[in-house]
Amino acid sequence: MAMSFSSPCGFRSDEDEEVAVFESTAAEHGGLARPRLPELSVISPGLNTQPSVSEPKLKVKPGSSEEENTERVKVFLRIRPLTDTESDGGEEQGCVAVQDEETLLLQAPKESHNMRAAERGIAQSIHKFSFTKIFGPETAQQQFYESTMKTMVKDVLQGENRLLYTYGVTNSGKTYTIQGSGQEAGLLPRALVSLFRKLQGRLYGAVDLKPVMYQDVRQLEPSEVKEEEIRRNSLLKEDENLTSRRAGATSVWDSGVGGLSSLSDIATQLEDADSVCLEPDSLSHSGGDDLEQGVQFSIWVSFYEIYNEFLYDLLDASPSLQPRKRVTLRLSDDKQGNAYVKGLTWIQVRSAEEAWKILRAGHRNQSFASTHLNQNSSRSHSIFSIRVLHIHPEAKSSQAMHISELTVCDLAGSERCKQQRNGERMKEASNINTSLLTLGRCIAALRHNQNNKLRPPQVVPFRDSKLTRVLQGFFCGRGTSSMVVNINPCASIYDETLQALKFSAIATQLVHGPSRKSRVAYILSLLRERTEHGIEHSELIEEEEEEEEGEDDSDVEDGDITMLNPKVTVQIINVLKRELKRQREENEVLEANVREQVVSEMMEVISEMQEGFRDSLEAERALLEERCDDKIANLQKHLKQFYKEELEERDREIEALSAALEESKKESESAAMTAPKEEPKTTRCSQRLTNESSRLRAELEQCRAELLTKTQELTMLKQQQVSSSTGALTRAAQRKLEEGQRVSNLHYYIDTLCMTLRKNKVLSVCLQQGLRQLRLNLQRLGEDLQSGERACCHNTGGERLRYKLTAANETLAKQDQILMELQSSLVLVKAEALAETRAVHPQLPPSGYTAPTTPGSCKKRGCGGTTPRDTENQPPKKQPFFQSLFPTRTSTRRNMRAAEEANLTPYSRILRSRQHSPPPSPVPTPRGLRGKY
Ligand SMILES: Nc1ncnc2c1ncn2[C@@H]1O[C@H](COP(=O)(O)OP(=O)(O)OP(=O)(O)O)[C@@H](O)[C@H]1O
């Protein structure tokens, strides 16, 4: 889950001040009551726009020791410059603007969560923050050092404890600020140079005095001194070895500390740094004037990291030998209640150069990794401490000595866990965020306690993380802390930057802790608070205070309250019980707030997911529409093609029919005019009819000629009858008479044929009319199809297209039916004509007679080469053309069905299947079409 640093804001408070300060933050996290938000969110302790928060309302009793301790915690803001890549990537969107030296304006960029929340009316898009001092991208390292750390070094030499820590989003420049890069040495090398410059000639050379915890100094035995020397030398040697081994190669650490990879470089850099960043009066001879006369100084350094909530000593020699088996360190409390790292290595250093080498040796053991935002990201909080042992020359006991400390903490960068793809990185990010969250809560609780002196104090959850435990002393009076907030002005990490700034805004309202408070002192303060409210006995307080004083000198380790007298202990237990109850209640409130925040974040994530799903659904819909349009266009194309071919086919047929008709008409006309000559080899009906009629005419002529011959013969015979015998002549005359009868029959037959010919002419006229009708229908069909196509083009809906297609198919079916009817009627007429002919001439062959189809045979039938008798007995042949066009009913149906089956359109097939299959459905479904196309 994304980490939020605004959780400290979850602490409930009745003060108007708190409401004003956290107004925007609370609303942003989905608080139940959402008042109308002002345009601008002011998160600042000192801005005029918020007079209620301009100054902390510290209820300091006049004359109390706390009176002078009202100095605010210093919070510096440093804005890092954008890299070329970031500028090119459009990260510069003017979302970070420095209004003046102390005021920063944040304007949410378009794509940020904050802007989206602002658009929904639950947050502001502009935020105003104030800081102790703001340093822009152009600020040089030395300038930054002088404004921030220079006085801290001075204070430490005066015996004070100081903490400087950097806070910010990952890749915002924290490590750059602390350590530096290239020739730009950071705060720490400059502080070391400054320190040793100031201590020139005042260093305590021996190693026999060692600081233990925060207050104690131990006199070392000679053997221990030796051990210390060995440890230091081995670290220095290790550094030298590694440096020479990596000669030329730039390591992470080398680049991280100003490229100081060789001793000469270090010296030069230190010299340069010193000359650049230190004012003349801060150099050793003048700076030393501030130091207590006669006091010598022994400098000890330690370096450790908090990685995944485990402490690792970075100066322990073992890690470099066995990097996988690092020993974790434990935290303990000293008798003042201050946490310290047990068993941490402290090395005495005699120069800045040595300190630098030790630091570099330790840095090699630190946890770095490449993340999506930073190639060389610190995955741990690293803490480098410099302890200064103030040794009075005459002092023989540790009491006469004093220890001051300068701690520099480079916190790991906060980041959104969900941005980490790697499991290990995610775990690291989660731990980093948890510890930073705890730090935020501690600061918020401290601020609450400072601003609400009359109320029961909130428990500061220092114990909730290792980081806050080790820094606790600096927040509770053992020293003072300064914070450097680093920000990266990139628009893409605006939301994270805003959270970091909100956190720092709380820190800017902190006042340095009034005094050191041990745990026992804290408990006693609780008792005092209760007594002030009339809950406990006043006498008790005196006793407790006596006990407290005695406690400081007693042997009680870690402030063990059980060593107090029983009466007080019982009272303390009662107070603690009540305190525990109160704290539980507070925890419940805190938990409720955290849950509320979690819910609000979850809602944000869910709404983001919803948006994502909506977008993907839209995209899916558009894709489907596109596909459907493609399919419809495809279908249209295919149908267009299909009907075009169909129309062309019909046109061709019509053309052929009309040509045939024309031809037959012409031929019949010409045949009527002229005698038939050599018959062309054709299968057309008109030709056939002409041939038949010509043949019949020829037969007629032949019969007439024969009749004439026979008549002449008869006349001759009659004449002969007179002269020859009667019997034979009578028989011959009888035979001739029969022949004459046959000839008269032949005349009748010829008349019938002439009638058939006339009927055929009428039929061909009918056929012409039928074809004209057919052509008209086909034209109408073409128009229907065109309108269907147009409908397809204008309307992508499949329904209308389907209906048009169905109508077109129905028209086609009707056409087929008309054609069939025409064919049937033609066949019927033919059959009737034939029947009539046969009734007149029963000697004609039956209708089942199959005419020879070859033109040769036809020629044979019609030619004069055949004998008259054969010619007489031959019936008129069937017309091959009409037969091929309109075969007999049975064969017509069969052939038509076969032809239809072959030429059926998808729609015709569907229609046909519907006609034959009960129950019919009115409209073919588009599924069939889809399968086809
Ligand atoms: N003021 C500055 N001037 C020039 N470059 C800078 C400045 N601040 C940071 N940088 C550059 O920005 C990059 C990231 O800085 P740095 O590693 O210090 O970030 P960080 O906050 O320590 O990141 P992380 O928390 O991931 O360790 C580095 O390349 C550094 O050199």
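Thr480 lies in strand β21, which spans residues 480–487. The structure described here is a predicted model. Thr480 has 20 C-beta neighbours inside 10 Å and therefore counts as buried. When residues up to four places away in sequence are not counted, Thr480 touches Arg162, Phe474 and His512.

The protein chain as a whole comprises 933 residues, of which 34% count as buried. Its secondary structure amounts to 28 helices and 21 strands. Among contacts between residues at least 6 apart in sequence, 72% join residues that are at least 24 apart.

The largest nonpolar core contains 107 residues. Leu77, Leu192, Val301, Ile358 and Val485 are the residues with the most contacts inside this core. Helix α14, covering residues 423–451, gives the most to the core, with a contribution of ten residues. Residues of this core come both from domain 1 (1–137 + 423–515) and from domain 2 (138–413), so the core lies between the two domains. For Leu192, the contacts that remain once neighbours within four places in sequence are left aside are with Ala352, Ala355 and Trp356. Another core, of six residues, lies apart from the largest one. Its members include Tyr643, Leu781, Leu805 and Ala808.

The ligand is surrounded by 18 residues. Arg80, Gly173, Thr175, Ser377 and Gly413 are the closest of these. Two elements, helix α6 (174–178) and strand β18 (377–378), each supply at least two residues of the shell around the ligand. The largest share of the shell, three residues, is provided by α6. By residue class, the shell divides into 13 polar, three nonpolar and two charged residues. Domain 1 (1–137 + 423–515) and domain 2 (138–413) both give residues to the shell around the ligand, which therefore lies between them.

Key
Residues are numbered from 1 along each chain as its sequence is written. This is a predicted model: local features need pLDDT of at least 70, side-chain atom pairs count only at pLDDT 80 or more; totals for chains, interfaces and linings use all residues. A nonpolar core is a set of buried Ala, Val, Leu, Ile, Met, Phe, Trp, Tyr and Cys residues joined through C-beta atoms within 7 Å. A residue is buried if 20 or more other C-beta atoms lie within 10 Å of its own, exposed if 12 or fewer, and partly exposed in between; C-beta atoms are placed from the backbone. Helices (H or I, at least four residues) and strands (E, at least two) are DSSP runs, numbered from the N terminus. Domain bounds come from an automatic or database domain assignment. Two residues are in contact if their C-beta atoms, placed from the backbone, lie within 7 Å. A residue is near a molecule or strand if its C-beta atom, placed from the backbone, lies within 6 Å of it. Ala, Val, Leu, Ile, Met, Phe, Trp, Tyr, Cys and Pro count as nonpolar, Asp, Glu, Lys and Arg as charged, and the others, Gly among them, as polar.
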